[in-house]
Amino acid sequence: MLSERMNEALNVQANRELYSSYLYLSMSYYFRSTGFGGFAGWMRVQAGEELVHTMKLLDYIAASGGRAKMLAVEAPQQSWESPQQAFQHVWDHERAVTRMIHELVAVAESESDAATRGFLQWYVDEQVEEEESSDDVLKRVLAAGSDPGALKAADEELGKRGFRFPRGFQMFP
Ligand code: OFO
C-alpha cells in the first residue's frame with residue numbers, strides 16, 4: 001500500500017515523463033519541418049519510450065492500491081536553432097530527469113517503502129542508459145557540425161533507431 005506522499009511523488013514523476021514524451025515529440029516535428037527525417041524518427045522513438053515510462057509508473061501506482069492521476073502537462077519548446085542545440089537540450093533534459101529519479105528514490109527510502117524502492121531501480125538503471133545514449137547522439141551531431149553532407153549522414157544513421165518495449169511491460173494488456 002502506498003503512502004499518500006509516495007503516491008503523490010510517483011504521480012508527479014509520471015507527469016514529468018509525459019512531459020518528456022511531449023518534448024521529444026515536439027523535437028520530432030521540428031526536425032520533420034526542417035528536413036531531418038532521421039532525427040525526427042529518433043525523437044519519435046524517444047517520445048514513445050517516455051510514454052512507456054509514464055504508463056509504467058501509473059500502472060505501478062494502480063497495482064499498489066494507489067490512485068493514478070493525470071496532471072496538467074506543460075507545453076514544451078517548439079523550435080531550436082540547430083540540430084546541435086536540440087540534442088544538447090536532450091542531453092541536459094536527461095540529466096535533470098536523473099536527478100528527479102534520485103529524489104524519488106529518496107522519498108521511497110524516507111517512507112521505508114521497500115517495494116517502491118525496488119520498483120524504482122528500473123528507472124535508475126534506465127537513466128544510466130538514457131545519459132549514455134544522449135551523450136552518444138550529441139557527440140555524433142556535434143562532430144557533423146554544419147557540414148551538410150556530414151549532417152545528412154548523421155540523420156540517416158540516427159533514423160535507424162528501433163523501438164523496444166521494456167521486458168514485462170504490456171501496452172495493451
Ligand atoms: Fe524517462 O527517461 Fe528520458 O526522460
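Trainee: Which helix is Q84 found in?
Mentor: Helix α3. Keep in mind that this is a predicted model.
Trainee: Is Q84 buried or exposed?
Mentor: Buried. Its relative accessible area is 16%, and the cut-off for buried is under 20%.
Trainee: What does Q84 touch?
Mentor: Leaving out residues up to four places away in sequence, Q84 touches L138, V141, L142, G145 and L151.
Trainee: And which backbone oxygen lies 2.7 Å from a polar atom of the Q84 side chain?
Mentor: That of G145.
Trainee: New topic. Where is Y123 found?
Mentor: In helix α4, which covers residues 114–144.
Trainee: Buried or exposed, that Y123?
Mentor: Y123 is buried, with a relative accessible area of 2%.
Trainee: What does Y123 touch?
Mentor: E17, H53, K56, L57 and I101, again not counting residues up to four places away in sequence.
Trainee: How many Å separate the C-alpha atoms of Y123 and E74?
Mentor: 22 Å. Along the chain, Y123 and E74 are 49 residues apart.
Trainee: On to packing. At what angle do α2 and α4 pack?
Mentor: About 170°, with the axes 12 Å apart. Angles over 145 degrees count as roughly antiparallel, so α2 is roughly antiparallel to α4.
Trainee: Which residues in α2 meet α4?
Mentor: F39, W42, Q46, E49, E50, H53, K56, L57 and Y60. On the α4 side they meet A115, T116, F119, W122, Y123, E126, E130, S133, V137 and V141.
Trainee: How do the residues of that contact of α2 with α4 divide?
Mentor: Into 10 nonpolar, four polar and five charged.
Trainee: What about α2 and α3, at what angle do they pack?
Mentor: About 20°, and the axes are 12 Å apart. Here α2 is residues 37–63 and α3 is residues 83–110. Angles under 35 degrees count as roughly parallel, so α2 is roughly parallel to α3.
Trainee: Is the crossing of α2 and α3 left-handed or right-handed?
Mentor: Left-handed.
Trainee: Which residues make the contact?
Mentor: From α2, F39, W42, M43, Q46 and E50. From α3, P83, F87, V90 and E94.
Trainee: And how do the residues of the contact of α2 with α3 divide?
Mentor: Six are nonpolar, one is polar and two are charged.

Notes. Residues are numbered from 1 along each chain as its sequence is written. This is a predicted model: local features need pLDDT of at least 70, side-chain atom pairs count only at pLDDT 80 or more; totals for chains, interfaces and linings use all residues. Side-chain values use heavy atoms; hydrogens and water are left out. Axes are lines fitted to C-alpha atoms, for helices over the stretch in contact, and angles run from 0 to 180 degrees between N-to-C directions. Helices (H or I, at least four residues) and strands (E, at least two) are DSSP runs, numbered from the N terminus. Angles under 35 degrees count as roughly parallel, over 145 as roughly antiparallel, 65 to 115 as roughly perpendicular and the rest as oblique. A crossing is left-handed if the near helix is turned anticlockwise from the far one by less than a right angle, and right-handed if clockwise. Contact means heavy atoms within 4.5 Å. Ala, Val, Leu, Ile, Met, Phe, Trp, Tyr, Cys and Pro count as nonpolar, Asp, Glu, Lys and Arg as charged, and the others, Gly among them, as polar. Buried means under 20% relative accessible area, exposed over 50%, partly exposed in between (1.4 Å probe, protein chains only). A polar contact is a pair of N or O atoms within 3.5 Å; within protein, one must be able to donate a hydrogen and the other to accept it, and residues adjacent in sequence count only if both atoms are side-chain atoms.
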